[in-house]
Amino acid sequence: MLKSLRQKIKFLFFLLLPLWLIIFLLRKRKGIHILMYHSVRARNENRFPYIVTEKHFKIQLAALEKTGSCISIEDAVGSIRKRSSGDCSFVISFDDGYADNIDTAAKHLEEKSFPFTIFITRSFTDSGMNSFLAARHFNHIKKRKDITLGAHSLLHVNHNFLSKKEIKKDFQESKTFLSEITSKDIKYYAYTGGGYTDESLNHVLDFYEAAFKDRMDGKTDTDLRRIGRINIPHGLNSEKRFLTYLLSQAYIRLRSNE
Ligand SMILES: [Zn+2]
């Protein structure tokens with residue numbers, strides 16, 4: 001609670017700075033910002049927190065382009081493993097597997113040659129609902145080297161509500177399912193609701209090269225079993241608001257030569 005209040009104050013303070021200074025301060029950061037999106041749609045009338053409108057998404061990508069480089073999740077994990085960081089960089093990731101990630105967001109990412117990652121929940125894909133990725137999307141994804149797929153559980157249940165046996169099953173089967181439908185090697189996992197247990201941490205690397213949570217905690221963000229990500233909420237409607245928000249967030253800071 002306090003942390004989020006402190007972040008709000010930081011955000012409001014940074015908002016007073018001119019845009020050039022915000023960009024300058026972000027560019028000085030040697031480290032990685034892993035962004036977590038969900039859905040990107042034309043409209044968000046109900047101000048659903050996990051929907052970013054297409055218009056805002058385009059503004060945000062343009063802002064990222066001015067500030068640093070957009071790298072693949074693979075390169076980010078490589079840097080974290082080596083503990084060495086390049087200049088300010090960003091990773092784009094999406095959770096849950098919304099169809100609009102391909103139908104709406106992908107074209108804007110492709111335009112800028114930004115690689116991206118989608119973490120997919122099996123039950124959402126199996127549901128057959130229009131809002132989630134379907135066979136036609138997977139055919140497209142299969143051909144694309146710049147799209148990485150990761151697992152985001154079988155049933156979208158937080159690991160804190162699963163037994164030890166169910167956690168292992170979740171890791172195993174959400175990986176097998178995705179590699180079977182896409183013929184891709186599934187190397188990454190994102191925790192549902194950011195939730196994990198000791199059992200998750202003990203076993204996740206038996207199945208995956210790295211796993212991600214839904215927040216930055218400032219302590220364990222470079223732990224390959226629970227790498228931190230920055231949630232992107234709705235309403236960041238200008239370059240300045242978006243970059244100010246990033247500046248008010250923690251990032252993956254890696255010191256080289258250590
Ligand atoms: Zn999710």
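## Helices α2 and α10

In this predicted model, helix α2 passes helix α10 in a left-handed crossing. Helix α2 covers residues 19-27 and helix α10 covers residues 239-247. Their axes cross at roughly 35° and come within 10 Å. From α2, the contact draws on Leu19, Ile22, Ile23, Leu25 and Leu26. From α10, it draws on Glu239, Lys240, Leu243, Thr244, Leu246 and Leu247. By class, these residues are eight nonpolar, one polar and two charged.

## Leu26 in helix α2

Leu26 sits in helix α2. Is Leu26 buried or exposed? Leu26 has 21 other C-beta atoms within 10 Å. The cut-off for a buried residue is 20 or more, so Leu26 counts as buried.

Thr67 falls within helix α3, residues 54-67. Thr244 is 218 residues from Leu26 in sequence. In space, the C-alpha atoms of Leu26 and Thr244 are 9.1 Å apart.

## Helices α3 and α5

Helix α3 spans residues 54-67, and helix α5 spans residues 100-111. Their axes lie 10 Å apart, at an angle of about 25°. Angles under 35 degrees count as roughly parallel, and α3 and α5 are therefore roughly parallel to each other. The crossing of α3 and α5 is right-handed.

Which residues of α3 meet α5? They are Glu54, Phe57, Lys58 and Leu61. Their partners in α5 are Thr104, Ala105 and His108. The contact of α3 with α5 divides into three nonpolar, two polar and two charged residues.

## Helices α8 and α9

Helix α8 runs over residues 164-182. Helix α9 runs over residues 198-207. The axes of α8 and α9 cross at roughly 25° and come within 10 Å. That angle makes the two helices roughly parallel. The crossing of α8 and α9 is right-handed.

On the α8 side, the contact involves Lys164, Ile167, Lys168, Phe171, Gln172 and Lys175. On the α9 side stand Glu199, Ser200, His203, Val204 and Phe207. By class, the contact has four nonpolar, three polar and four charged residues.

Lys164 belongs to helix α8. With 14 other C-beta atoms within 10 Å, Lys164 is partly exposed. Lys164 and Ala134 are 30 residues apart in sequence. Their C-alpha atoms are 30 Å apart in space.

## The loop between β7 and α8

Strand β7 covers residues 147-151, and a loop joins β7 to α8. Both Ser153 and His156 lie in this loop. Each has a positive phi in a residue other than glycine: near 80° for Ser153, near 60° for His156.

How many other C-beta atoms lie within 10 Å of Ser153? The number is 27, and Ser153 is buried.

## Asp217 in the loop between β9 and β10

Asp217 is located in the loop between β9 and β10. Strand β9 covers residues 210-212, and β10 covers residues 230-231. Asp217 has 13 other C-beta atoms within 10 Å and is partly exposed. How are Asp217 and His156 placed, and what separates them? They are 61 residues apart along the chain, with 22 Å between their C-alpha atoms.

## The chain overall

The chain has 10 helices and 11 strands. Along the principal axes, its C-alpha trace spans about 50 × 40 × 35 Å. A compact globule of 258 residues would have a radius of gyration near 18 Å. The chain has 18 Å, so the two agree.

Buried residues account for 40% of the 258 residues. Consider contacts between residues at least 6 apart in sequence. Of these, 70% join residues at least 24 apart.

Note on methods. Residues numbered from 1 in each chain as written. Predicted model: local features only at pLDDT ≥ 70, side-chain atom pairs only at ≥ 80, totals over all residues. Helix = DSSP H or I, 4+ residues; strand = E, 2+ residues; numbered from the N terminus. Rg over C-alpha atoms; globule rule 2.2 N^0.38 Å. Buried ≥ 20, exposed ≤ 12 C-beta atoms within 10 Å, placed from the backbone. Contact = placed C-beta atoms within 7 Å. Axes fitted to C-alpha atoms, helices over the stretch in contact; angles between N-to-C directions. Parallel < 35°, antiparallel > 145°, perpendicular 65-115°, else oblique. Left-handed = near helix turned anticlockwise from the far one by under 90°. Nonpolar A, V, L, I, M, F, W, Y, C, P; charged D, E, K, R; others polar.
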